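Take a first look at the fold below.

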Amino acid sequence: MIVVIQRSDSLENRNKIYAQFNHNTVRVYQAFNHQIADEAIRLGTFGSCFKMDRMTWIKPSFLWMMYRSGWATKESQERILAINIKKTGFNEILKNAVLSSFDKEVYGNFDNWRFQLENSEIRCQWDPDRDIYGNALQRRAIQLGLKGSMVRRYVNNWIVKIADITDSVIFMRNAIESKSFHEEILPAEKEYPLNE
């Protein structure tokens, strides 16, 4: 499987994807307003409130999603959805992703990268992963942006299950604030194999 991986100094230092997954599905996270989330839970996928013509970003890292959404406190990110998608779909997303920023090791020259970026429906972005307090970690977390036909395939073909985990997120947020948080209540994420 060909996967776009942004490297720093060597292959040993490449970014790794950490996620919850099994033989059939991979869990990603998204944050939405109440209207989109309620409809998605009711339908088991996204409906008319979800903008199919916009780029949508999926995130396998739970703590990066918490950082991004402020633990479900930011406007229009008050609801956190855990979305299990087909592993075959996730692998196809990875295979066709183009890095959001130029990397000479990956693309050779700027024009080649720009051409691929302009002709791709999938963006790959690496950001520092986070701890429970929002502090940056040494490792990076992947975000994958989908648009066009890839959004339609995500919504119509690849989503297996959507769960609203907002209550769990609020429980964890309160535990952090009251200093009663225990690491074992976090989702157990492991390194995703890229060469299957």
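The questions below walk through a predicted model.

Q: Which residues have the most contacts inside the largest nonpolar core?
A: The largest nonpolar core has 39 residues. Helix 6, residues 149-158, gives the largest share of this core, five residues. The residues with the most contacts inside the core are F46, I83, I85, F90, L144 and Y154.

Q: Which residues does I85 touch, not counting residues up to four places away in sequence?
A: I85 is among the residues with the most contacts inside the largest core. Contact here means heavy atoms within 4.5 Å. With residues up to four places away in sequence left out, I85 touches N24, T25, V26, V28, I58, F90, I93, Y154, W158, I159 and V160.

Q: Which residues of helix 2 are buried?
A: Helix 2 spans residues 62-69. Six of its eight residues are buried, so the helix is largely enclosed by the rest of the structure. They are F62, L63, W64, M65, M66 and S69.

Q: Is W71 buried or exposed?
A: W71 lies in the loop between helix 2 and strand 4. Its phi is positive, near 55 degrees, in a residue other than glycine. Buried means under 20% relative accessible area. At 10% relative accessibility, W71 therefore counts as buried.

Q: Is K179 buried or exposed?
A: K179 lies in the loop between helix 7 and strand 9 (190-191). K179 has a positive phi of about 60 degrees, although it is not a glycine. Exposed means over 50% relative accessible area. At 78% relative accessibility, K179 therefore counts as exposed.

Q: Which side chain of opposite charge is nearest to R130?
A: R130 is found in strand 6. R130 is buried yet has no salt bridge. A salt bridge needs a nitrogen-to-oxygen distance within 4 Å. The nearest side chain of opposite charge is 6.8 Å away, and belongs to D129.

Q: Which backbone oxygen lies 3.0 Å from a polar atom of the R130 side chain?
A: R130 has no salt bridge. The backbone oxygen of P128 lies 3.4 Å from a polar atom of its side chain. The backbone oxygen at 3.0 Å belongs to G134.

Q: Are the rings of F46 and F50 stacked or edge-to-face?
A: A search of the whole structure finds twelve aromatic pairs. The rings of F46 and F50 have their centres 4.5 Å apart and their planes at 20 degrees. Planes under 30 degrees apart count as stacked. The F46 and F50 pair is therefore stacked.

Q: Are the rings of W64 and Y67 stacked or edge-to-face?
A: W64 and Y67 are three residues apart in helix 2, so about one helical turn separates them. W64 is buried at 6% relative accessible area, while Y67 is partly exposed at 34%. Their ring centres are 6.0 Å apart and their planes are at 65 degrees, so the pair is edge-to-face.

Q: Which residues do salt bridges with shared partners join into one network?
A: The side chains of R79 and D38 meet in a salt bridge at 2.9 Å, N to O. R79 lies in strand 4 and D38 in helix 1, so the pair ties together parts 41 residues apart in sequence. The side chains of D164 and R79 also meet in a salt bridge, at 2.8 Å. The network joins D38, R79 and D164.

Q: Which residue forms a salt bridge with R153?
A: R153 lies in helix 6 and its partner in helix 3, so the pair ties together parts 61 residues apart in sequence. The closest N and O atoms are 2.7 Å apart. The partner of R153 is E92.

Notes
Residues numbered from 1 in each chain as written. Predicted model: local features only at pLDDT ≥ 70, side-chain atom pairs only at ≥ 80, totals over all residues. Heavy atoms only, no water. Core = buried A, V, L, I, M, F, W, Y, C linked by side-chain atoms within 4.5 Å. Buried < 20%, exposed > 50% of the residue type's maximum accessible area, 1.4 Å probe, protein only. Helix = DSSP H or I, 4+ residues; strand = E, 2+ residues; numbered from the N terminus. Lys, Arg positive; Asp, Glu negative; His and termini not counted. Polar contact = N/O pair within 3.5 Å; in protein donor to acceptor, adjacent residues only side chain to side chain. Phe/Tyr/Trp six-rings, centres within 6.5 Å; stacked < 30°, edge-to-face > 60°.
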